[in-house]
Amino acid sequence: MSNFSTADHTFMAQALRIAERGLYTTMPNPRVGCVIVKDGRIIGEGVHLKAGEPHAEVLALRQAGDKAKGATAYVTLEPCSHHGKTPPCADALIEAKVAKVIAAMQDPNPLVAGQGLARLAGRDIEVASGLMQAQAEALNPGFISRMTKDMPFVRSKIAASLDGKTALSNGASQWITGEAARHDVQRWRARSCAIMTGVGTVLSDNPSLTVREIELERRPLRVVIDSFLRTPLNAKVLQNGRTLIAFAIDAEDKAEKLFEAGAELLCIPNDTGKVCLKTLLSHLASDEINEVLVEGGEGINGALMAHKLIDELIVYYAPKIMGSAAKCMFAMPPFTEMNQALDLQILDVRQFGNDIRLRLKC
């Protein structure tokens with residue numbers, strides 16, 4: 001890794017900041033920002049906002065114009081070297097005659113994976129990568145996961161009382177947390193490609209699973225895990241957008257009716273006659289789904305956690321006590337020894353109104 005200067009960090013930080021403008025819009029593409037600098041001054045900035053539209057490097061070069069010759073380009077992701085919906089960004093940088101390209105990280109896409117930087121180096125452009133790599137990776141966890149593991153990045157959002165309960169024994173759960181926490185959830189929904197729940201939540205809460213309070217051109221795919229097709233034909237989750245129902249058994253010939261009601265159906269049983277969760281997530285990755293937000297109950301959270309399919313937890317704790325009979329966060333077999341407990345890493349702790357949000361790496 002090169003020795004990067006204070007100025008290098010400053011300019012890459014700006015590239016990362018502007019890349020965040022694509023947080024809700026770039027999928028399935030990664031969020032990328034580019035800053036072009038000459039004589040210590042920014043002469044061009046660009047951010048990729050939408051698949052099919054120009055990439056960050058191209059927009060920054062347009063702004064810089066002829067001044068780009070001899071300049072340094074700071075880009076949050078290695079410039080692409082292949083023809084997709086747009087021409088290779090590496091070629092645009094070569095044509096502009098920049099002197100140096102610094103990338104925060106290599107592109108995990110096997111079609112690129114170092115080839116973009118190699119192409120630049122082959123044309124006598126100085127290249128370096130690894131500057132603020134952790135921040136760049138945090139910007140695109142879903143894209144990286146899909147490219148390296150053929151799986152989306154899975155977050156599970158849980159609203160819980162102080163004693164770790166998510167619903168009363170009768171299923172009532174609205175509202176555990178306050179308005180500020182619920183507004184924050186909308187931001188996580190907006191950045192996700194899909195929002196996933198279980199049929200139990202559909203039956204008890206009848207959620208829409210749509211993004212509110214934030215303007216979006218696209219609508220995240222809704223995914224319902226419904227092993228025995230119990231989703232009502234008039235469920236809100238079947239309205240206003242795409243919905244995929246993953247099931248295992250259609251004993252009552254309901255699949256056709258749900259299809260007519262607008263649902264997409266996917267039959268993926270496991271050995272126990274329920275939905276195979278790993279196959280479901282793999283299918284979503286093949287459908288270019290980068291980030292999945294799970295908003296389910298103890299059953300789906302327990303099953304995903306038991307199969308090590310959750311990458312990150314977002315837990316909103318409300319200062320309430322709901323009692324031992326209330327539903328817990330994870331329905332899992334009882335542990336008998338402390339070394340069976342699952343260790344998590346706290347990434348972030350913040351307060352929203354009267355509630356506390358914990359982000360945890362699984």
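This note sets out points on the sheets, helices, salt bridges and surface of a predicted model.

1. Five strands make up an open sheet with mixed pairing, and their order is 2-1-3-4-5. Strand 2 (41–47) and strand 5 (126–129) are the edge strands, each of them pairing on one side only. On average, neighbouring strands of this sheet are turned by 15° against each other, direction ignored. Within the sheet, strand 3 (residues 72–75) and strand 4 (residues 100–103) are parallel and share four bridges. Val75 has Ala103 of strand 4 opposite it.

2. Helices on this sheet. Helix 1 (residues 6–19) packs on the sheet and touches strand 1 (33–38), strand 2, strand 3 and strand 4. The direction of helix 1 makes about 145° with that of strand 1. Helix 2 (residues 56–64) lies across strand 1, strand 2 and strand 3, and runs at about 140° to strand 2.

3. Strand 13 and its partners. Of the seven residues of strand 13 (312–318), six are buried, so the strand is mostly covered. Strand 13 runs parallel to strand 6, to which seven bridges join it. In that pairing, Ser161 stands opposite Ala318 of strand 13. With strand 16 (residues 355–361), strand 13 pairs in the antiparallel sense over six bridges. Here Val315 has Leu358 of strand 16 as its bridge partner. In general, the strands of a sheet pair through backbone hydrogen bonds, in either the parallel or the antiparallel sense.

4. Helix 11. Which residues of helix 11 (residues 298–306) are buried? They are Ile300, Asn301, Gly302, Leu304 and Met305. The buried residues of helix 11 pack against several elements, including strand 6 (153–161), strand 8 (194–198), strand 9 (221–225) and strand 13 (312–318). Helix 10 (277–286) and strand 12 (291–294) are also among the elements that they pack against. Just after helix 11, Lys308 adopts a positive phi of about 55°.

5. Ser145. This residue belongs to helix 6 (residues 141–149). Ser145 counts as buried because its relative accessibility is 5%, below the cut-off of 20%. Leaving aside residues up to four places away in sequence, Ser145 touches Asp150, Met151, Pro152 and Phe153. Between the C-alpha atoms of Ser145 and Ile43 the separation is 33 Å, the two residues being 102 residues apart along the chain.

6. One of the pairs is Glu217 with Lys50, whose closest N and O atoms are 2.8 Å apart. Glu217 lies in the loop between helix 8 (199–205) and strand 9, and Lys50 in the loop between strand 2 and helix 2, 167 residues apart. Glu217 counts as exposed because its relative accessibility is 73%, whereas Lys50, with a relative accessible area of 35%, is partly exposed. A further salt bridge joins Arg242 and Glu264, with the closest N and O atoms 2.7 Å apart. This pair also links distant parts of the chain, 22 residues apart: Arg242 is in the loop between strand 9 and strand 10 (243–247), and Glu264 is in strand 11 (residues 264–267). Arg242 is partly exposed at 40% relative accessibility, and Glu264 is partly exposed at 30%.

7. Arg350 and Asp348 meet through their side chains in a salt bridge of 2.9 Å, N to O. Elsewhere, a network of salt bridges links Arg31, Arg155, Arg191, Glu291, Glu312 and Arg359.

8. A nonpolar patch. Phe335, Leu342 and Leu344 make a nonpolar surface patch of about 260 Å². Leu344 is placed in the loop between strand 14 (327–328) and strand 15 (345–352). Why is Leu344 classed as partly exposed? Its relative accessibility is 38%, which falls between the limits of 20% and 50% that separate buried from exposed residues.

Key. Residues numbered from 1 in each chain as written. Predicted model: local features only at pLDDT ≥ 70, side-chain atom pairs only at ≥ 80, totals over all residues. Heavy atoms only, no water. Patch = residues over 30% accessible without salt bridge, like charges linked within 9 Å, V, L, I, M, F, W, Y side chains within 5 Å. Areas by Shrake-Rupley, 256 points an atom, 1.4 Å probe, with all protein chains shown as cover. Salt bridge = Lys/Arg side-chain N within 4 Å of Asp/Glu carboxyl O. Helix = DSSP H or I, 4+ residues; strand = E, 2+ residues; numbered from the N terminus. Buried < 20%, exposed > 50% of the residue type's maximum accessible area, 1.4 Å probe, protein only. Pairing = 2+ DSSP bridges. Axes fitted to C-alpha atoms, helices over the stretch in contact; angles between N-to-C directions. Contact = heavy atoms within 4.5 Å.
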